[in-house]
Amino acid sequence: MQANIENLVKLQAAELERGRLAQIAKALPAQINQAESALAPMHARTAAASDALNREDSLRTKLEREIEAHRQKATRYKAQQDSVTTPAQAVAIEHEVQFAQAEIDRLENEEFASLERTEAQEATLATARAQVEELAAALDKTKERVAACLSELAGQQTALGAERETLRNEIPPELLTRFDRIASQRGIGIARAENQQCMTCRMGVRPQVWNQLREGELLNCDSCGRLLYWDPAMAPAPKTPQPELATETGRAIRKPRQAGA
């Protein structure tokens with residue numbers, strides 16, 4: 001393969017590899033976003049459980065104040081029972097005592113229900129915090145891995161960039177211009193021809209073009225317009241000729257007679 005063709009093939013390989021590495025680098029931040037997206041709901045769940053616990057604490061504090069107030073009221077009414085002078089007063093005081101006791105029972109039931117909700121929220125909070133720690137650790141590892149990958153990709157891109165510039169300097173300007181124009185339009189500027197076919201667009205090559213390619217020329221594909229080259233290293237090895245088998249003369253071969261026949 002001629003030096004210019006070989007340099008074009010190498011240049012294209014370098015360009016394609018640079019593009020592949022760029023796509024990988026572009027996709028890496030999505031891994032961090034995915035890890036952050038998994039962590040965010042757990043933070044929200046933790047905050048919601050913590051807020052629920054605070055509300056239950058505030059509710060029980062309020063309930064305890066109300067219970068204490070009703071106990072004091074019941075105590076006062078019970079103290080007045082010894083000084084009543086009429087049956088009506090006794091009934092009224094008894095009614096107030098019973099009402100205070102009923103309120104105490106109701107509020108204590110609410111307090112008990114609040115304690116049950118608190119236990120459930122504490123379990124939810126503990127689970128959410130454990131998941132937050134796990135997901136936060138996973139996020140940190142993802143960030144470290146992405147940073148390492150980006151650093152490695154940057155080094156590879158730098159090496160490919162240097163190789164690219166070296167190759168471009170070794171290719172004649174007019175040929176490089178043709179290659180760049182086709183590559184910008186087609187994505188690939190040069191294609192290998194094999195078995196009278198462009199291996200990129202898979203269209204056939206005219207016999208005359210095929211012969212010219214085999215002589216080392218660099219021509220455009222009639223179908224896709226890419227530069228076509230033929231690599232003798234990719235040509236199939238010639239078949240080893242097989243020795244011809246001896247043909248019979250056509251005469252019948254007579255078997256020898258046995259003795260005594």
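Me: Is Leu228 buried or exposed, and why?

Reply: This is a predicted model, in which local features need pLDDT of at least 70, side-chain atom pairs count only at pLDDT 80 or more, and totals for chains, interfaces and linings use all residues. Residues are numbered from 1 along each chain as its sequence is written, and side-chain values use heavy atoms, with hydrogens and water left out. Buried means under 20% relative accessible area, exposed over 50%, and partly exposed in between (1.4 Å probe, protein chains only). Leu228 counts as buried because its relative accessibility is 1%.

Me: Which residues does Leu228 touch?

Reply: Contact means heavy atoms within 4.5 Å. Leaving aside residues up to four places away in sequence, the residues touching Leu228 include Ala191, Cys198, Val205, Leu213 and Leu219. Val205 is 23 residues from Leu228 along the chain, and their C-alpha atoms are 9.7 Å apart.

Me: Where in the chain's elements is Leu228 found?

Reply: Helices (H or I, at least four residues) and strands (E, at least two) are DSSP runs, numbered from the N terminus. Leu228 belongs to strand β3, residues 227–230. The chain has four helices and three strands, running α-α-α-β-α-β-β from the N terminus on.

Me: Which residues of β3 are buried on its two sides?

Reply: In a regular strand the side chains alternate between the two faces of the sheet. In β3, Leu227 and Tyr229 lie on one side and Leu228 and Trp230 on the other, and all are buried, so both faces are covered.

Me: In what order do the strands form the sheet?

Reply: Strands of a sheet pair through backbone hydrogen bonds, either parallel or antiparallel. Here two strands pair if DSSP finds at least two bridges between them. The three strands make an open sheet with the order β1-β3-β2 and mixed pairing. Because β1 (190–193) and β2 (219–220) are at the edges with a single partner strand each, one side of each has no neighbour in the sheet. β1 pairs with β3 in the parallel sense over four bridges, with Arg192 opposite Tyr229. β2 pairs with β3 in the antiparallel sense over two bridges, and Leu219 is opposite Leu228.

Me: What packs on the sheet, touching β1, β2 and β3?

Reply: Helix α3 (residues 173–186) does, and its direction makes about 115 degrees with that of β3. For such angles, axes are lines fitted to C-alpha atoms, for helices over the stretch in contact, and angles run from 0 to 180 degrees between N-to-C directions.

Me: Which residues of α3 are buried, and where do they fall around the helix?

Reply: An α-helix has 3.6 residues a turn, so residues three or four places apart point the same way. In α3 the buried residues are Leu175, Leu176, Phe179 and Ile182. They fall within an arc of 135 degrees seen down the axis, so they line one face of α3; the arc is that of the directions from the helix axis to the C-beta atoms. On the other side, Pro173, Glu174, Ser184 and Gln185 are exposed.

Me: What do the buried residues of α3 pack against?

Reply: They pack against α1, α2 (87–170), β1, β2 and β3. Where α1 and α3 meet, Asn4, Leu8, Leu11 and Gln12 of α1 touch Leu175, Leu176 and Phe179 of α3. The axes of these two helices come within 12 Å and cross at roughly 35 degrees.
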